Amino acid sequence: MTTRAFLITGARLADGRTTDIRIEAGRVTELGAGLDARGAETIDASGLIALPGLVDLHTHLREPGYEQSETVLTGTRAAAAGGFTTVFAMANTSPVADTAGVVEQELALGEAAGYARVQPIGAVTVGLQGERLAELGAMARSRAAVRVFSDDGFCVSDSRLMRRALEYVKTVDGVIAQHAQDPALTVGAQMNEGTVSAELGLTGWPAVAEESIIARDVLLAEHVGARLHVCHLSTAGSVEVLRWAKARGAQVTAEVTPHHLLLTEELVRGYDPRYKVNPPLRRQEDVDALRLAVADGTIDIVATDHAPHPVEAKECEWPAAANGMVGLESALSVVQATLVDPGHVGWSDVARILSEAPARIGRITGQGEPIAVGSTAEITLYDPSPVRPFGTDRLRGQAVNSPFIGTELPGRVVWTFHDGYPTLADGELREPDDIAAELVRA
Amino acid sequence: MRHLLSTRSLDRDAAVRLLDIAEDMADTQTREVRKLPTLRGKTVVNLFFEDSTRTRMSFEAAAKRLSADVINFSAKGSSVSKGESLKDTAQTLQAIGADAVVIRHSASGAPQTLADSGWIQAGVLNAGDGTHEHPTQALLDAFTMRRRRHGAASRGRDLDGFRVTIVGDVLHSRVARSNVWLLSTLGAEVTLVGPPTLMPLGTAAWPATIGYDLDAAVDAGPDALMMLRIQAERMNDAYFPNAREYSRLWGLDDRRLSRLPGRSIVMHPGPMNRGLEISARAADDPRSSVLEQVANGVSVRMAALYLLLSGAGEDPTS
Ligand SMILES: [Zn+2]
């Protein structure tokens with residue numbers, strides 16, 4: 001928290017109202033037209049949309065262990081550049097985040113960096129091995145207060161273990177975030193199974209490998225009365241299963257990534273590993289179904305699955321390349337392009353799917369609150385008007401494996417306020433020293 | 001032609017032209033002095049990340065008969081097997097001054113990656129990538145079919161109305177894929193036969209008819225019956241119960257051979273599993289073109305190297 005005061009003038013809130021916003025000591029202290037600028041730094045936000053700071057439920061920060069790809073500092077800088085004030089850090093680090101010690105270390109790294117809140121996700125099983133439960137209770141009771149548990153990267157495929165995990169985290173109101181991929185159906189899988197894989201001679205990743213796991217998991221969650229979250233849902237069939245599960249009243253939520261809302265398997269034809277991701281890019285029919293599912297609320301949130309990789313992991317033949325794409329810096333623009341501009345959702349829905357709902361699913365407070373007097377000063381100011389090719393200049397993390405380079409995308413994040421201070425100011429990321437000064441001032 | 005990466009990207013005229021040049025090349029191979037000066041001073045690298053002595057020998061013979069310098073780079077036991085990347089290897093070949101790279105790789109798409117990368121300026125010739133394509137194999141198969149059908153009058157002709165049945169593990173076969181595209185481009189009717197487990201999903205748009213019954217396919221009297229090599233290990237992945245059952249249902253045995261019309265060609269890309277997908281009698285039958293295919297392979301690869309490496313327009317055989 002900072003002692004600085006800011007007056008944001010003429011911003012448009014998600015609900016369409018235009019207002020000034022006064023921020024003081026980490027809180028929103030006043031809303032309304034023509035507010036007094038006394039003692040505050042003034043920011044002209046006319047033409048900008050003020051959203052509650054974005055919350056990403058699915059980020060790979062890579063530290064500890066894979067610092068050649070990303071660190072907590074570089075990853076949260078990317079987050080700030082993309083308008084995010086919280087990132088949930090996936091557990092597939094080295095060591096794996098499967099103990100209280102590792103999640104507390106992750107939390108501390110985030111606090112020290114100061115660009116965004118880093119909320120650790122704990123592994124479901126020891127070492128992501130899918131054999132024994134990790135110390136879920138200890139992680140939940142640690143200073144990191146873990147509520148989301150995931151073996152992401154791997155599926156908790158053993159039905160009995162998945163049932164136990166779902167049951168066990170009920171004690172802490174936790175949720176299991178499942179990477180739904182039947183491993184037996186996806187041995188050596190390289191891309192979506194269908195017409196393109198048949199032609200390219202790449203081993204297929206069938207939609208049924210995702211859909212069958214989701215179907216099993218929603219039934220398990222319903223059976224034991226536990227919360228399930230489905231990571232990166234990617235097929236039209238998965239949408240149908242989810243819609244059915246929600247109609248039955250299962251406690252299930254789901255996310256879709258920006259890339260699955262925009263890109264299709266056709267891009268794989270050139271064997272460019274920038275388009276290699278897990279789950280893979282699917283068909284246009286799937287993209288269409290995913291967009292509609294966000295629009296009707298079947299899919300609850302958009303999460304990036306930001307997955308940074310060093311250049312050499314993508315500068316190679318397709319099967320040797322790593323899965324994953326960076327997504328924090330482009331997420332809001334892709335959401336505008338795929339959901340807002342075509343009329344599927346409005347800006348209040350954007351606030352819900354990129355901030356309020358992910359914070360609620362992850363059971364964190366002080367994030368994802370509608371901008372109101374007394375709410376925490378977690379605010380993203382976004383200019384939806386410019387349309388231009390997305391370039392590497394927009395990337396602020398360590399990695400450049402974005403599938404959107406060269407794609408015309410609308411919008412630009414102009415300011416990001418985290419805990420009452422700007423992490424992104426007038427389109428420029430603030431320097432680590434300046435952020436450190438904000439932390440000291442608190 | 002800048003690269004030869006697939007047959008899918010070849011149009012009819014380009015394919016016929018390549019086959020015609022291969023005819024010219026084949027003619028020169030009956031001369032007393034078979035070596036042509038066409039590619040003197042050019043360097044062809046055979047970059048083989050996967051063992052294939054027969055394909056490498058065929059390319060080597062083709063390049064040498066055109067007087068190119070040939071460097072064989074086998075990835076096994078080299079720096080590549082110690083983790084050197086395709087990029088580093090490509091840049092090394094660029095520094096050596098390779099004019100063409102003939103690449104065989106277990107990864108589908110590796111030749112395309114090499115061609116698109118900017119790591120190397122050389123023309124790239126796909127000698128088989130993963131389960132994607134093997135364009136020169138399909139070209140030599142088409143060449144063989146055209147010669148059997150039209151003999152000395154082959155030049156300028158395609159395979160209009162020719163009926164080809166390809167049998168076996170289509171899912172894992174780059175030969176089948178390259179043949180489906182090329183043969184249909186040349187006007188042939190293609191039928192694929194094999195166990196459903198070894199047919200790719202998503203072939204509805206392929207220019208081919210798919211069936212599972214080899215007896216029906218034999219009785220339909222195809223002009224060519226191409227038997228694909230089956231790897232016995234596939235049974236461990238539950239693609240079929242065992243070799244015996246595979247052979248009984250999808251092998252060209254003596255009984256099926258006897259029902260095949262006299263004009264049918266029996267083809268196999270080699271190496272053959274005699275007694276599994278093809279009986280010894282079928283392999284050695286006069287209808288079998290297995291050895292012709294090997295000989296034609298050299299002519300077709302000479303044509304491909306010529307198109308990649310020399311300016312168009314001049315007579316390749318003078
Ligand atoms: Zn995942």
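Helices (H or I, at least four residues) and strands (E, at least two) are DSSP runs, numbered from the N terminus. Keep that in mind as you select things by name. This is a predicted model, in which local features need pLDDT of at least 70, side-chain atom pairs count only at pLDDT 80 or more, and totals for chains, interfaces and linings use all residues. Residues are numbered from 1 along each chain as its sequence is written, chains are lettered from A and ligands numbered from 1 in the order in which they are written, and side-chain values use heavy atoms, with hydrogens and water left out.

**Stop 1: a strand in chain A**

Select Asp383(A), which sits in strand β16 (residues 379–389) of chain A. Is Asp383(A) buried or exposed? Asp383(A) is buried, at 16% relative accessibility; buried means under 20% relative accessible area, exposed over 50%, and partly exposed in between (1.4 Å probe, protein chains only). Leaving aside neighbours within four places in sequence, Asp383(A) is in contact with Gly47(A), Leu48(A), Gly411(A), Arg412(A) and Val414(A). Contact here means heavy atoms within 4.5 Å.

**Stop 2: a loop residue**

Go to Leu61(A), in the loop between β6 (54–59) and α1 (72–81) of chain A. Leu61(A) is buried, with a relative accessible area of 1%. Not counting residues up to four places away in sequence, Leu61(A) touches several others, including Val72(A), Val87(A), Glu106(A) and Val118(A). Gly39(A) is 22 residues from Leu61(A) in sequence, and their C-alpha atoms are 37 Å apart.

**Stop 3: the zinc ion**

Which residues coordinate the zinc ion? Select Asp152(A) (OD), His179(A) (ND1) and His232(A) (NE2), which coordinate the ion at 1.9 to 2.2 Å. His179(A) lies in the loop between β10 (175–178) and β11 (191–192) of chain A, and His232(A) in the loop between β13 (228–230) and α7 (236–248) of chain A, so the pair ties together parts that are 53 residues apart in sequence. Donors are N, O and S atoms within 2.8 Å of the metal (3.2 Å for Na, K and Ca); water is not among the atoms, so sites may look incomplete. His179(A) is buried at 2% relative accessible area, and His232(A) is buried at 2% too.

**Stop 4: an enclosed helix**

Select helix α10 (residues 331–340) of chain A. Nine of its 10 residues are buried, so α10(A) is largely enclosed by the rest of the structure. Among the buried residues are Leu332(A), Val335(A) and Leu339(A).

**Stop 5: two helices crossing in chain B**

Show helix α1 (residues 12–28) of chain B together with α5(B): they pack at an angle of about 75°, with axes 10 Å apart. Axes are lines fitted to C-alpha atoms, for helices over the stretch in contact, and angles run from 0 to 180 degrees between N-to-C directions. The two helices are therefore roughly perpendicular (65 to 115 degrees) to each other. Where they meet, the residues of α1(B) include Val16(B) and Leu19(B), and those of α5(B) include Leu139(B) and Phe143(B). The buried residues of α1(B) pack against α5, α6 (174–185) and α11 of chain B.

**Stop 6: helix α2 of chain B**

Finish at α2 (residues 53–65) of chain B. Buried residues in α2(B) include Phe59(B) and Ala62(B).

Terms used
The expected span of a helix is 1.5 Å times one less than its number of residues. Angles under 35 degrees count as roughly parallel, over 145 as roughly antiparallel, 65 to 115 as roughly perpendicular and the rest as oblique.
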